[in-house]
Amino acid sequence: MSLKQPISFEDVKVRDSLPTAQHGPLTIVDTVRWAGLQENWQHLHYDRDHVREHNGLKTFIASGAYRQALLIRMLTDWIGPRGWLRKINVRHTYSTFEGDSMSFGGRVVRKSEDSSDRWIECELTGKNQDNKDILIGACTLVLPPR
């Protein structure tokens with residue numbers, strides 16, 4: 001069985017937009033599944049009454065690791081099985097609450113000129129349904145040749 005490679009180094013130019021990925025609205029099922037996977041039992045991620053009383057929030061929030069995993073899935077789907085996520089930095093700038101939607105994307109800002117080391121650098125963004133930044137970041141991706 002051969003795997004389809006969706007993109008190669010030669011296909012990408014500086015200023016190209018990355019594909020976008022939409023997720024949500026965030027539900028308690030999403031956060032409980034993630035909490036179980038991560039063994040993260042903080043009430044902040046599933047208990048509405050607890051966060052209202054103890055954290056002053058309107059409802060539970062998604063964990064940062066969950067949002068980061070969705071962002072990385074967008075990147076790895078785009079670069080395909082022969083691409084490699086070499087490095088990523090993410091800063092979470094606003095919470096994702098129950099019922100919020102998330103959109104992840106970015107753009108290419110630099111591209112290697114060395115044909116033996118085929119990397120690109122990208123700016124990354126995450127926004128909610130109100131177009132408010134929920135995260136910003138950067139990554140380095142290694143892409144295969146054609």
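Ala21 is buried, with a relative accessible area of 13%. Buried here means under 20% relative accessible area, exposed means over 50%, and partly exposed lies in between (1.4 Å probe, protein chains only). The model is predicted, so local features need pLDDT of at least 70 and side-chain atom pairs count only at pLDDT 80 or more, while totals for chains, interfaces and linings use all residues. Residues are numbered from 1 along each chain as its sequence is written, and side-chain values use heavy atoms, with hydrogens and water left out.

Ala21 belongs to strand β1, residues 21-23. Strands (E, at least two residues) and helices (H or I, at least four) are DSSP runs, numbered from the N terminus. Leaving aside residues up to four places away in sequence, Ala21 touches Met74, Met102, Ser103 and Phe104. A contact requires heavy atoms within 4.5 Å. His50 lies elsewhere: 29 residues separate Ala21 and His50 in sequence, and their C-alpha atoms are 31 Å apart in space.

Strand β1 is joined to strand β3 (residues 102-111) by three bridges, and the two run antiparallel. Two strands pair if DSSP finds at least two bridges between them. In this pairing, His23 stands opposite Met102 of β3. Strands of a sheet pair through backbone hydrogen bonds, either parallel or antiparallel.

The chain as a whole contains three helices and five strands. Along the sequence, these follow the pattern β-α-α-α-β-β-β-β. The C-alpha trace spans about 55 × 35 × 20 Å along its principal axes. Of the 146 residues in the chain, 38% are buried. Among contacts between residues at least 6 apart in sequence, 68% join residues at least 24 apart. The chain exposes about 8500 Å², with 47% supplied by carbon and sulfur atoms. Accessible areas come from the Shrake-Rupley method with a 1.4 Å probe; for residues, only the protein chains shown count as cover.
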